[in-house]
Amino acid sequence: MTSIPYIDEARLWKRHMAMARIGALPGGGVNRPALSPGDAQSRSLLARWAGELGFSVATDPIGNLFVRRPGTDDTLPPVMSGSHLDTQPTGGKFDGAFGVLAAFEALQAIHEAGIVTKRPIEVVSWTNEEGSRFQPGCSGSSAFTGAVPLDRILTAVDRDGISARDALAAVLASERGMAVRPLGFPVAAFLECHIEQGPRLEEAGLPVGIVTGIQGSRWFAVEVLGEEAHAGTTPRRNRRDALVAAIGMVSALERLMHDEEDRVRFTVGRFEVQPGSPNTIPGRVFFTIDFRHPEASTLKRLGDQVDAVCRAHAGPCAVTIEETFHSLPTEFDPTVVAAMRGAAERLGIRTLDLSSGALHDAKFLQDVCPSGMLFVPCERGISHNEAENAQPSDLAAGARVLAEALVTLANA
């Protein structure tokens, strides 16, 4: 049994509120896009807290931020924990930030108690997990693990025409003097804390969830091209209405994805109609598809039908379908899951096993090192919303389990 010190619940909450002031919205949420001035400010705040405790800070070519406490054998690969600091445009205070701040609180608690670990322990803030500004998301973790080439990530462009390469350069320029590591290095284990973003823990009245895996995802971008024409003079038989065709596609996909067990997750999250004039027949529609399922066979069976369904409902319009992301379901490492369960048991904290419906950075880390996740409840399961909320006691419970598990893994 390890001697994990008291996790300072008030200090952890205070840091959440300090981070939430960066990009704060009137409704109580946060808008802190990846590689924005607000993102740079949040990184600077974390680096300042680390410096005050004597921890070293470094970054890498994709802008991941690392806070390190050395081990007795500093040549060993570190045990790592963290998440992300970027948010959705109308995001909440806890999505991502909790994982970074819980890891930092755990590191400080371990350090102040004088606990010695064989391996170094590192806190990481991954770049652009959300993908709201630059698509796809999880840029930092996917580049770090080699899942996506760095050059491909940096060519992404936001809606204002700014490239990820230029935005990243501006952030790194503001951090002159910070150590820069090569992209990717051996990691002994990775743990990520996160709010659940679902209702099960709250419904069960439990403070911590042990995440056993992440469901698979397939994302598509669909462009429908018709012909703009006058709304008042063009007969229906002569129309090439891109919106009518797109509605037919989405309706057919909704029918395809319906399942009585309610395990399929199908979302059209972006839908753009051009030219957007009340009296002009739409000539172009662009929409996105986010399809997820925990079973690889179902992910393949339904995802492989998206192209054919869209083409079958294009009518007189042309359609282009591009699959932009394909991620198989992930099962987390049994040794890391056991370390988290054991930590919770020693602390007397009741847990619930869960599968994650959302994609997280830990999915990419599992491909290169033993990884796992902890969830804590969020009010009514709401996330990606300014109303997102979590209780200080639950955040602290997650940090306690994390700290105990980190010491166990760092001395393995």
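Trainee: Which residues lie nearest the centre of the second largest pocket?

Mentor: Q135, P136, V148, R152 and I153, out of 24 lining residues. Keep in mind that this is a predicted model.

Trainee: How much space lies in that second largest pocket?

Mentor: About 390 Å³.

Trainee: And which element gives the most to its lining?

Mentor: Strand 14, with 4 residues. Helix 4 (139–144), helix 5 (150–154), helix 6 (164–173) and helix 12 (361–365) are among the elements that each supply at least two.

Trainee: How do the lining residues of that pocket divide?

Mentor: Into 12 nonpolar, 10 polar and 2 charged.

Trainee: Back to helix 6. Which residues are buried there?

Mentor: A164, A167, L168 and V171 are buried in helix 6. They cover an arc of only 95° around the axis, so they sit on the same side of the helix.

Trainee: Why would residues three or four places apart point the same way?

Mentor: Because an α-helix has 3.6 residues a turn.

Trainee: What do the buried residues of helix 6 pack against?

Mentor: Helix 2 (37–52) and helix 5. On the face turned away from the buried side, helix 6 carries the exposed residues D166 and A170.

Trainee: New topic: how many cavities of 30 Å³ or more does the structure hold?

Mentor: It holds 1, and the largest cavity has a volume of about 50 Å³. Helix 2 and strand 4 (121–126) are the elements that give two or more residues to its lining.

Trainee: What classes of residue are in that lining?

Mentor: The lining of the largest cavity has 2 nonpolar, 4 polar and 3 charged residues. D39, R43 and D86 are among the residues that line the cavity.

How values were computed: Residues numbered from 1 in each chain as written. Predicted model: local features only at pLDDT ≥ 70, side-chain atom pairs only at ≥ 80, totals over all residues. Heavy atoms only, no water. 1 Å grid on protein atoms, 1.4 Å probe; cavity = no way out; pocket = protein on both sides within 12 Å on 5 of 7 lines; lining within 4 Å. Points joined across faces, edges and corners; volume = space filled by probe spheres on them. Nonpolar A, V, L, I, M, F, W, Y, C, P; charged D, E, K, R; others polar. Buried < 20%, exposed > 50% of the residue type's maximum accessible area, 1.4 Å probe, protein only. Arc of directions from axis to C-beta. Contact = heavy atoms within 4.5 Å.
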